[in-house]
Amino acid sequence: MQLLLTLLLVGTIPSGYGFQTEEEKVNTQENAVLALEYVENVRNSHCSGGTGEVLPIEFDHAVWNSQAQVAVRTANFLTKMWIINNGTPPFIDDNYLFGMTRSNVEIDPMIFGSAIAFEEYTYRNYQKVSFYTFEKFDRINSYDLSVNYDYLGQLNTEWYHIPKNKTYQPREVLVHINHRYNSTGNEHAPLEIFSEPLAMVEDGHWTKPYFDCGGGDIWMVTFSSPIFTRDIANASQYIFGGVATVDVELTNIDINQCDAEEMGSSGSTTADVFRNTHLCRPTTKCVPRKNLGFMSGTYFCVCVDGYYFPNTSAEEKAFVGFDLQHEYNLQKKYKNNSFSTGFLCLPCSEGCDTCVDDSACIAASNMIFRGALLAIVFLDVIFAFIVMIAVFLYRKQKIIKAASPFFCYVIIAGMFLMCAEVIIVFFKPTDLLCEMRPWFHHVGYFTTYGALLLRTWRIAALFKVKSAKQVKLGDSALAKRLLPILGVTIAYLVAWRVSSPPYVYTIKTPDDLKLYYCSSSWWDYAAILGQCLFLLWGVYLCYSVRKAPSSFNESKFISWAIYNTIFMNNFLLIIRLVMLGSLGPDLIYLLHVLQLQVPCTITLLLIFVPKFYMIAHEGPEAEAGTGVTGRQKASGMSTNKVTPVQPAPGSSTGEESINK
């Protein structure tokens, strides 16, 4: 029967492998390697009889406790018979004892063989005798082992001489027996009272693994339980009279040479005897093979995660331990071999956790297409920079003055930040880049629209004044109102960063390819809602100043920019979020670039192109009397203050001019 057992080193390390020194660990591994070499050498050679090679290792025998109990019960039965009869019972003969050993072998498939061996002249007048039975090739074989094997004379016979030389203090059991008096059975004979020794499993002995020559001719371990007889010189004393044994075959027990950490949660703190003796190369890991028996090389070297087997058409995508052992032996003999250069797996493509070949695992990007999109973003930046230069050059023109050059710069600066966010998206996402994106986008967004809407708010505030009192709402006053907007934005971003920072996560495309993207959370959606509410306030402001004098009235263009941002920007955002798993990296980046055009490029065109158009058509000396709509304005300008003008009869409204 094939069986995989955990072979554990015990011996001189009672506290477990975890408490071994480095030197002890090395010695343990060297002993295991030496044992494997013994196994191979003996398997390919012949022995003459007796106990052959002994492996310098011991096992945790608890797994064979039930087999040991068979030997203990056999020994205790024979002890009772010999104690009661003061020697060999008359009814026990060779066939009786052979029958007992056969029963031991037949009742447990784990037991390969069983023996009953006696001391000199303990059994009848035999100088030595060992009744041995074993099963091989589905046949029960019984014979006297002592004919070809002098177990008494060979002191290295561990299964016999160590039990013989032990000092025993067997447990004594007091026995009361009432026999039948006669054949009719109508009364008992006088009560007999006596004591008899009882052996326990602890009194027995497990041998080291050895090759049994002349017995089973296999690798085995043997458990021996002592048989006690009365001491002829002192009837009250018990002496060693022989052993009852069971053999557990190791030939059919698999050797596990793989790493100790793969042992699992068995609860043992000792180290597996043959663990860490595999020869698997880097990029591979050892996987034990079952049902191959007591020999080295019974493992596969399979590729670790992130690597694949070079021969992609092979049925078994793993290197065979026997092959590694063979090449390693050639290397030790300084013969040509492939041990150092072969048996290595190949790395998977980027992003693959596991793979079977070099196929891509990450959705590929068309760098030409993405590069073209990035070029569009840089054109947006260049366009915004040109507008900034134009504002600076025409800063003294009345139309630009009315729009406040400083806030024009602020609006464009916010657009630079929003462009920077889309530039970041071009690169492969990392946790750091994912954390940076909201900062560039939201700070830029509220900088641009905060400055734009505060300018509109100033117009609304001024034209609601009905008295002749001068109202100061210069750029510095508006800047003080912009700072709280940016302060709330930054505080929100800090709280976002502290509580739930964005991170890189993986989504799968319809082609089952990986796509790295930055995570979204309720913080994202709350920020988008805040932007929409902020822009709705802008819609209200534009509505309230729709009848303001034309030189101040940008409400139509600002309204268009706001409506465009609310609907188009959010529409593209919804498409991007809903179809994220269905789109490739290039289409996702296209949506980012398109989404950028709404609050940046289109807004820039709506706000600044009409101004430069009027400057170009009305000449550089256009005064405050001409606004962006071409209407005439009344004079009455002041520096950093506004004096409201009462409407003249028949006119629609008075007009003011605001200068920085």
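Biologist: Is Cys542 buried or exposed?
Modeller: Buried means under 20% relative accessible area, exposed means over 50%, and partly exposed lies in between, using a 1.4 Å probe and protein chains only. Cys542 has a relative accessible area of 2%, so it is buried. Before we go on: this is a predicted model, where local features need pLDDT of at least 70, side-chain atom pairs count only at pLDDT 80 or more, and totals for chains, interfaces and linings use all residues. Residues are numbered from 1 along each chain as its sequence is written, and side-chain values use heavy atoms, with hydrogens and water left out.

Biologist: Okay, cysteines next. How many disulfides are there?
Modeller: In general, a disulfide is a covalent bond between the sulfur atoms of two cysteines. Here the rule is a pair of cysteine sulfur atoms within 2.5 Å, and that gives six disulfides. One of them joins Cys434 to Cys518, with 1.9 Å from S to S. The torsion about its S-S bond is -85°, a left-handed link. Cys434 sits in helix H9 (residues 431-462) and Cys518 in strand S17 (residues 514-518), so this pair ties together parts 84 residues apart in sequence. Those labels come from DSSP runs numbered from the N terminus: helices are H or I with at least four residues, strands E with at least two.

Biologist: Which handedness does the link of Cys352 and Cys361 have?
Modeller: That link is right-handed, with 105° about the S-S bond. The two sulfur atoms are 1.8 Å apart, and both cysteines are buried.

Biologist: Now sheets. What is the strand order in the open sheet of three strands?
Modeller: Strands of a sheet pair through backbone hydrogen bonds, either parallel or antiparallel. For two strands to count as paired, DSSP must find at least two bridges between them. In this sheet the order is S11-S12-S14, with antiparallel pairing. S11 (284-288) and S14 (319-320) are at the edges with a single partner strand each, so one side of each has no neighbour in the sheet. Between S11 and S12 (residues 299-303) there are five bridges, and Cys286 has Cys301 in S12 as its bridge partner.
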